[in-house]
Amino acid sequence: TINGETGNVFSNTLSENTTFIFSSTPPSGIAYGFSLKIVQDAGASGYTVTWPAAVVWPYADKYAASGAPRLTGTASAVDQFVFYTYDGGTTWQGFTAGLNLG
């Protein structure tokens, strides 16, 4: 769970396929954004992420069923994402800041 009350910079090292939940965001009319660094495990397991249904992406990756970008599946790979909401978390705008950064 990404809890908006605890900050706006988060990191998660995957140890299994993961479903994220975004919670405790400011009310509608107050903008809130956060960055999320996702690190694959050292074993190159290629774990996947399921994003909340409220996340919309600026483009669709033709290889990903959800339209979200695919994570880098190599050992210890770092992918960086940024999310914004203006309506209390009803809709999140998701952006890829960088893939395979490390």
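Predicted model: local features only at pLDDT ≥ 70, side-chain atom pairs only at ≥ 80, totals over all residues.
Q: What share of the residues count as buried?
A: 38% of the 102 residues. Buried means under 20% relative accessible area, exposed over 50%, and partly exposed in between (1.4 Å probe, protein chains only).

Q: OK, the fold: how many helices and strands?
A: Zero helices and nine strands. Those are DSSP runs numbered from the N terminus, with helices being H or I of at least four residues and strands E of at least two.

Q: And the core, which residues touch the most other members?
A: Phe20, Phe22, Phe34, Leu36, Ile38, Trp51 and Phe83, in a largest nonpolar core of 18 residues. By nonpolar core I mean buried Ala, Val, Leu, Ile, Met, Phe, Trp, Tyr and Cys residues joined through side-chain atoms within 4.5 Å.

Q: Which elements give two or more residues to this core?
A: Strand S5 (32–39) and strand S8 (78–85). S5 has the largest share, four residues.

Q: What does Phe20 touch?
A: Leaving aside residues up to four places away in sequence, Phe20 touches Ile2, Asn12, Leu36, Ile38, Val49, Thr50, Trp51 and Pro52. A contact is heavy atoms within 4.5 Å.

Q: Switching to the surface: which residues form a nonpolar patch?
A: Tyr84, Tyr86 and Phe95, together about 290 Å² of accessible area. Nonpolar patches take Val, Leu, Ile, Met, Phe, Trp and Tyr with over 30% relative accessible area and no salt bridge, side chains joined within 5 Å. A salt bridge puts a Lys or Arg side-chain nitrogen within 4 Å of an Asp or Glu carboxyl oxygen.

Q: Why does Tyr84 count as partly exposed?
A: Because its relative accessibility is 35%. Tyr84 is in strand S8.

Q: Last one: where is Gly43?
A: In the loop between S5 and strand S6 (49–50). Gly43 is exposed, at 56% relative accessible area. From Asn12, Gly43 is 31 residues away in sequence and 15 Å away in space, C-alpha to C-alpha.

Note on methods
Residues numbered from 1 in each chain as written. Heavy atoms only, no water. Patch = residues over 30% accessible without salt bridge, like charges linked within 9 Å, V, L, I, M, F, W, Y side chains within 5 Å. Areas by Shrake-Rupley, 256 points an atom, 1.4 Å probe, with all protein chains shown as cover.
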